[in-house]
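Visitor: I am new to this structure. Please take me through one part of it closely.

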Amino acid sequence: MGIKALGYVVIETAKPAEWDRFLTDFVGVMRAADAADGAAQYRIDERLFRFRIVPGAREWFVAGGYHVGNRADLDMLASKVIAAGRPVTWASAEQAGTRGAEAMFATSDPAGNGLELYCGEADSDSPFVSPIGVPHFVTGVMGMGHVVFSAPNFDETVAFHRDVLGFRETDMPRFNLFGPDGPSMGFAFLHADNGRHHSIAFGEGPVPPSGAVHIMLELPSLIDVGMAHDRMKRFGYVESATLGRHVNDQTTGFYVQTPGGFDLEIGCDSLIIDPAAWVTTRHEAISVWGHEWAWQKALKNQPTPTQNQEQSA
Ligand SMILES: [Fe+2]
């Protein structure tokens, strides 16, 4: 029953060569044969693909593709989505085939965030081999990782994912990102029917111009995360948050800006939960240590009013 895991992501780009370099040389994912419709496909495990990169006019996170157990569950979800007033666009057999799926429909949540729900999985007939020697990515029943979106109509959007799609609440905090006197911001970390702490999450706020906040991939060890961090610096990719450890899912990792404008979180040692027995938490902090965000660094480096006066004097 319900959604099993994040299966894949779909990204539109006017810079496919930049995405190719980012994914293969830096992240260490494997380029697969292009899809029948010409989209570039990349693997991180045995699944046919995990990244579907579609050439287009803009930089845009099109959709998170979530795996549903079987056709009956997929049909039931489509009915619930329609009853909730959201669009359902069924893929043709050919389109579903490009996702490695038996059947698929596209929809969006009340904030307009893109989703594809599908049943049936297709594996590649060759083993995963990273072009730069990454040993493997942590996937299996926990899926590809997670996607974090943003929603100005936060409560309505979270309710859609929980009550219509069937994601369940893992951690439902409010964070004071701007100090104890600043406005607090709601977050929702939701799990699917697997042990990953969250397969989808939402922050309260406007949808970013890239269409997503970040996606997350998990590596087997801190050594692999450290080596990825070194590659980020060597290739000159922009660090969005420094190395750190999250309170809620215990992931140790860092954030880097993708060519699409949203971030990629690369981490390890993520908490595995029992999805059936989990009791919702409400943590009060994002990180145990680290995770200095680029915007925090920028604020810190802003000249003080006194410095401004000195400069203009
Ligand atoms: Fe994350």
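**The pocket and the metal site**

Guide: Start with the lining of the largest pocket. Strands β9 (146-151), β12 (185-191), β13 (200-204), β15 (239-246), β16 (252-257) and β17 each supply at least two residues of that lining, and so does helix α6 (294-301). Keep in mind that this is a predicted model.

The largest pocket holds about 780 Å³ of space. Its lining counts 34 residues. Lying nearest the centre are Phe187, Val213, His214, Trp293 and Trp295.

The iron ion is coordinated by NE2 of His146, NE2 of His214 and OE of Glu265. The distances run from 2.0 to 2.2 Å. Along the sequence, the donor residues follow the spacing H-x67-H-x50-E. His214 sits in strand β14 (residues 214-218) and Glu265 in strand β17 (residues 263-268), so this pair ties together parts that lie 51 residues apart in sequence. Both His214 and Glu265 are buried.

Next, turn to a charged residue, Asp224. Asp224 belongs to helix α5 (residues 222-235). Is Asp224 buried or exposed? Asp224 is buried, yet has no salt bridge. The nearest side chain of opposite charge belongs to Arg231, 7.2 Å away. A salt bridge here would need a side-chain nitrogen within 4 Å of a carboxyl oxygen. What does Asp224 contact, leaving aside neighbours within four places in sequence? Asp224 is in contact with Pro135 and Leu219.

Methods:
Residues numbered from 1 in each chain as written. Predicted model: local features only at pLDDT ≥ 70, side-chain atom pairs only at ≥ 80, totals over all residues. Heavy atoms only, no water. Helix = DSSP H or I, 4+ residues; strand = E, 2+ residues; numbered from the N terminus. Buried < 20%, exposed > 50% of the residue type's maximum accessible area, 1.4 Å probe, protein only. Lys, Arg positive; Asp, Glu negative; His and termini not counted. Contact = heavy atoms within 4.5 Å. Donors = N, O, S within 2.8 Å, 3.2 Å for Na, K, Ca; no water. 1 Å grid on protein atoms, 1.4 Å probe; cavity = no way out; pocket = protein on both sides within 12 Å on 5 of 7 lines; lining within 4 Å. Points joined across faces, edges and corners; volume = space filled by probe spheres on them.
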